[in-house]
Amino acid sequence: MNNKTLHKYPPIILASQSPRRKALLSALGVPFKAVSIAFDERFDLNDVKMDDVPEYLACQKAEAASHLLTSDNILITSDTLVLLGDSIMGKPIDKQDAFDMLCQLSGRSSMVTTGVCICSQSKKISFSSNTQIEFSSMSNHEIQYYIDQYNPLDKAGAYGIQEWIGMAFIRKISGCYNNVVGLPTELVYRNLKSFIGIETTE
């Protein structure tokens, strides 16, 4: 990681082992330590609206990782889901589940939502970002090729926009591209500066 940073940051913990989130936060020039936490991602739609689930889960992850907070550090947690009509797509449980998800996304428009929580011992903020994705139609053979050649099991909606399937079949994107990769970088950077009191004109 580059030792030169634009701003002076307090110690930051990213409670995620996602290689994509780690790469995006590193590319922002934010120094951090990544840790993994045990967390049950189940939720009840009777308690939270579908559109709010990613932000809700990000805040729940922050609660699960709150023991990592000290008097001078900051914790960042995040969760990404794909919303298709009345369905919520998280990470597929197996290859058949991935195949079924991609069949549903084929030729349709969906929403990728990432929720983020930034907290310290004394305060917490959370926010989310929405990106609309429109897929062109995919054949069963093409979907199976992607599943066999790549690893869709660790990605919400069973795909990575930065991979072959994104280059070959995503017809239109409206919103933040990095949000689909796993972290809405512009929002994270802006909110992180505000959280630690860095002036925009610094």
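**Before you start**

The model is predicted, so local features need pLDDT of at least 70, side-chain atom pairs count only at pLDDT 80 or more, and totals for chains, interfaces and linings use all residues. Residues are numbered from 1 along each chain as its sequence is written, and side-chain values use heavy atoms, with hydrogens and water left out. Helices (H or I, at least four residues) and strands (E, at least two) are DSSP runs, numbered from the N terminus.

**Stop 1: the largest pocket**

Select Ser-18, Arg-21, Lys-61, Lys-91 and Asp-154. Of the 28 residues lining the largest pocket, these are the closest to its centre. The pocket holds about 500 Å³ of space. A pocket is an open set of points on a 1 Å grid over the protein atoms alone, where a 1.4 Å probe fits, with protein on both sides within 12 Å along at least five of seven lines; lining residues have an atom within 4 Å of a point. The volume is the space filled by probe spheres set on the points.

Now colour α1 (19-27), β3 (74-84) and α6 (177-181). Each gives the lining at least two residues. β3 has the largest share, with four. By class, the lining has ten nonpolar, ten polar and eight charged residues. Nonpolar here means Ala, Val, Leu, Ile, Met, Phe, Trp, Tyr, Cys and Pro; charged means Asp, Glu, Lys and Arg; the others, Gly among them, are polar.

**Stop 2: Ser-16 and helix α1**

Select Ser-16, in the loop between β1 (12-15) and α1. Is Ser-16 buried or exposed? Ser-16 is buried, at 10% relative accessible area. Buried means under 20%, exposed over 50%, and partly exposed in between (1.4 Å probe, protein chains only). The side chain of Ser-16 reaches the backbone nitrogen of Ser-18 at 3.1 Å. That is a polar contact: a pair of N or O atoms within 3.5 Å, one able to donate a hydrogen and the other to accept it.

Move on to α1. Arg-20, Arg-21, Leu-24 and Leu-25 are buried there. Seen down the axis of α1, the buried residues fall within an arc of 125 degrees, so they line one face of the helix. The arc is that of the directions from the helix axis to the C-beta atoms. An α-helix has 3.6 residues a turn, so residues three or four places apart point the same way. The cover over the buried residues of α1 includes β1, β3, α6 and α7 (185-196). Contact means heavy atoms within 4.5 Å. Just after α1, find Gly-29, with a positive phi of about 80 degrees.

**Stop 3: Pro-92 and helix α3**

Select Pro-92, in the loop between β4 and α3. Pro-92 is buried, with a relative accessible area of 6%.

Next, show α3 (residues 95-105). At its start, a side-chain oxygen of Asp-94 comes within 3.2 Å of the backbone nitrogen of Gln-96. Which residues of α3 are buried? They are Ala-98, Phe-99, Met-101, Leu-102 and Leu-105. Their arc is 165 degrees, so they line one face of α3. Among the elements covering them are β5 (109-119) and α4 (140-149). Gly-107 follows α3, and its phi is positive, near 70 degrees.

**Stop 4: Ser-137**

Finish at Ser-137, in the loop between β6 and α4. Ser-137 is exposed, with a relative accessible area of 56%. Leaving aside neighbours within four places in sequence, Ser-137 is in contact with Ser-106, Gly-107, Glu-142, Phe-169 and Arg-171.
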